[in-house]
Amino acid sequence: MLRMLRFAAAALVAFAVPFVAAKDREVSIGLQAAITSIDPHYHNLSPNNSLLLNIYEPLINRDPDGRLVPALAVSWKAIDDLTWEFRLRRGVKFHDGSPFTAEDVVATYKRVPNVPNSPSSMATFVKPIVETKVVDPYTIVFKTAAPHVLLPSDLASVYIIPKAVAETATTADFNSGKAAIGTGPYKFAEYVPNSRVVMRANYGYWGGEEPWDKITWKILSNTAARVAALLSGDVQMIETVPTSDIAKLSSDKNFRLADKVSNRVIYVHLHQWSDKPPPGVTGKDGKPLDKNPFRDARVRKALSIAINRDAIAQRIMEGKSVPAAQLLADQFFGTSKKLRPGKYDPEGAKKLLAEAGYPNGFALTIYGPNNRYINDEKIAQAIAQFYSRIGIDAKVETLPASVYFTKATQGEFGYMLLGWGTESNEQGSSLRSLLATQDLSKGMGVTNRAHYSNPALDKEIVEAMATMDDRKREGIIQHGAEIAMNDTALIPIHFEVSTWATAKGYKYTPRTDQYTLARDLKPIK
Amino acid sequence: MLAFTIRRLGQSVFVLVVMAFLVFLGVYAIGDPVELLVNPQADALERARATAALGLDRPFFEQFATFLAGAFRGDLGRSFVYNVPAIQLILEKLPATLELAMAATVIGIVLGIPLGLIAGLRPNSVLGRGIMAGSILGFSLPTFWVGLVLIMLFSVKLGWLPPNGRGDTVLLLGVPVSFLTADGLAHLAMPAFNLALFKLSLLIRMTRAGTREAILQDYVKFARAKGLSSRRVIGVHVLKNILIPIVTVIGLELGSVIAFAVVTESIFAWPGTGKLLIDSINQLDRPVIVAYLLVIVTIFIAINFVVDIVYSLLDPRVRLGQAAGAH
């Protein structure tokens, strides 16, 4: 009996050793938000785009700083204002073994606008292409109807799948794994909606060997649960560390924090739909004002310089935000070095209000979401306190995102706290979406919930969109940003800093696009 | 009996339709799902396309009529977010929630009734007082806090139990269950206990109150006088009599735990329907919200129906024919 036990124990040890060794190359990662599909063209949603970038690849990738780098395309150039030539990478194989060629690109772009029941399609990215020519299997030429400077940036968001899959597969085929075939460093293994995704290494990857054999992505939406999973060793990395835990984790030797300023700006839109006073803005006695104070640039500037951005960054965000002066942080394309975050100046704000005819201030409701941006509700409350110092009676009303954004778009808020992530990492596109005079058919001001309008700014935006030369375009965008910000077209508050925490022995290279990618996670000795 | 069943069925269908209408109207009033689903950088054309793809461009009553027509054919619509049939999404998650609810109920019964008996038989002993003090904690501590403390203790400090998720499952009669595997039990222990805590405290207090009342009754004195062993007096006579209200409460609590285990599910990342419901509400995924509530209301109606029938079998004074008026 004893001998049998010993034998069993020996067998266990023998089995256990290689098992532990294999674990070295396995890693679990805790994600904040659920993905909605394995189909790369079903839903244009950040969590999907981030996770699926491990399985599929676009023609052009972004490096951790947001710069465009070759992926399935080795080079690209504009031949003239309307023609782009892309040279494709040779020797790349899909996970099913079939070779990657220009035909796959054509078939993918054809599928993109035609995914049934897509709640947010990728069609916007390929729509500018009016004609595609396959020169040879590794050269492809796109024609656009009008100059489209952001084409490389747009195509960085569209992931390539094999022609055979693109022509037949449904979204359900991707979710079951049957059609989940890309060229990326990891292969699809398992998907349990709202719970986890498992991937295995693609050993023949063109970019070289990856450090992991198996990756388990766990959806841990509850912040406390996500941190607990890291502390207990259940996962080796988490994204979006809650600000309340940053101090604790950064002082613990067993964990390592990584952070990077993101392309998301938190800002305030001021309702300027008409001369009538906007919702939530009245005299201090509750009587309506005679006109819309937000149409006066002096009032907008006063509301901006009355906010102490450094205090918000230090006290509320635990240092994980960068005070903002424009729509993107300094290192991004098209940002103006002349623009600095407004200095905290309550006296100056009072003077400006008096000049504008409000020496005693007015009453204001600050609207904001309470479950969308990092500490959104606390930021709104802090702003209200700053305003009380310049004689404005401010109260705060926050709503869940499901209710808030519909109402914000319908113009039901006067003073609204919002956020914007610039996917192209180029300030021109955020100026165009947030501040251009609204013209939905032309894609101008599609998210201009303030209905701010400034013809001088519109002119710069239109010109920038048609300027192919990068240096020239950057100058125009910088000038446009200066026009907008000197007019306080909106009130930028700060740029969110994205955070990741890893266990001892792991290192993550933080990214500006807030994506969590397996290829940026490395083991360290 | 047959007439009662038919009438009850008619009422149930009416309740379901009214409920579906109210939820439909509620979600319609809250906001526009497209606003949340569509990428903020999308242009007007893309928004219009998404609105049409989800059928949200049609008038409210037409949307509701389409839903009703589908529902009578057993089709509750497709999730806006996941593009799979809403009922499939729910049925995939339901076994996990049912398992959690059952495990919590079993913990509540197995621990609650004996502890309540002890507290009721020895109300002034240290043990009895200790049990009652514990039950007050169980009542008053918020579930999410207890859940986090459990995780910090058993996962982070001691490293005994996994902090989240559901373990390995095996098929039992075609349903995936996790309580038959060691890994599954390890994952189940903390969330089940967390969910059971309130129920446990409730059962302790009910059992104690019932026991205290019963041991003063004549039939207990008589049984003792007859010379029956204390074990038989308590185990058979007392327990049987105090169980009636306890069973009713267990049944009611089971229903509410299935429907609303949301907090425990999100803290332990338990892949159940509670988490699905909250996510769906946050994203205004109307087909899933409506289908979920329809499933839950159907479960409640079925439980009540069975309870009414059982009552009439147990107590001949309850006649189902007149029951509707007599209640």
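Me: How many other C-beta atoms lie within 10 Å of L252(B)?
Reply: In this predicted model, L252(B) sits in helix α10 of chain B, residues 230–259; helices (H or I, at least four residues) and strands (E, at least two) are DSSP runs, numbered from the N terminus. L252(B) counts as partly exposed, a class between buried (20 or more other C-beta atoms within 10 Å, C-beta atoms being placed from the backbone) and exposed (12 or fewer). The number for L252(B) is 13.

Me: How far apart in space are L252(B) and N304(B)?
Reply: Residues are numbered from 1 along each chain as its sequence is written, chains are lettered from A and ligands numbered from 1 in the order in which they are written. As the model is predicted, local features need pLDDT of at least 70 and side-chain atom pairs count only at pLDDT 80 or more, while totals for chains, interfaces and linings use all residues. L252(B) and N304(B) are 52 residues apart in sequence. From C-alpha to C-alpha, the distance is 9.4 Å.

Me: What share of the residues in chain B is buried?
Reply: Chain B is built from 14 helices and two strands, and its C-alpha trace spans about 85 × 60 × 35 Å along the principal axes. Of its 327 residues, the buried share is 35%.

Me: Over which residues of chain B does pLDDT stay under 50?
Reply: pLDDT is the predictor's confidence in each residue, from 0 to 100. Chain B has a mean pLDDT of 83, with 94% of its residues at 70 or more. Where pLDDT is low, the predicted coordinates should not be read in detail. In chain B, pLDDT stays under 50 over residues 323–327.

Me: How many nonpolar residues are on the side of chain B that touches chain A?
Reply: The contact takes 44 residues from chain A and 45 from chain B; two residues are in contact if their C-beta atoms, placed from the backbone, lie within 7 Å. Helices α2, α3, α7, α11 and α12 of chain B each supply at least two residues of this side. Besides eleven polar and eight charged residues, the nonpolar ones (Ala, Val, Leu, Ile, Met, Phe, Trp, Tyr, Cys and Pro) number 26.

Me: Which strands stand at the edges of the open sheet of four strands in chain A?
Reply: The order in this sheet is β4-β5-β7-β6, with antiparallel pairing; strands pair if DSSP finds at least two bridges between them. Within it, β5 and β7 of chain A pair over five bridges, and T83(A) stands opposite K143(A) in β7(A). A strand with a single partner has one side left without a neighbour in the sheet, so the edges are β4 and β6 of chain A.

Me: Which residue in the turn between β8(A) and β9(A) has a positive phi?
Reply: Six bridges join β8 to β9 of chain A, and the two run antiparallel. Within the pair, K187(A) stands opposite R200(A). These strands form a hairpin with three residues between them, and the residue with a positive phi, about 65°, is N194(A).

Me: Which residue of β16(A) is the bridge partner of P369(A)?
Reply: β15 (residues 363–369) and β16 (residues 393–399) of chain A run parallel, joined by seven bridges. The bridge partner of P369(A) is L399(A).
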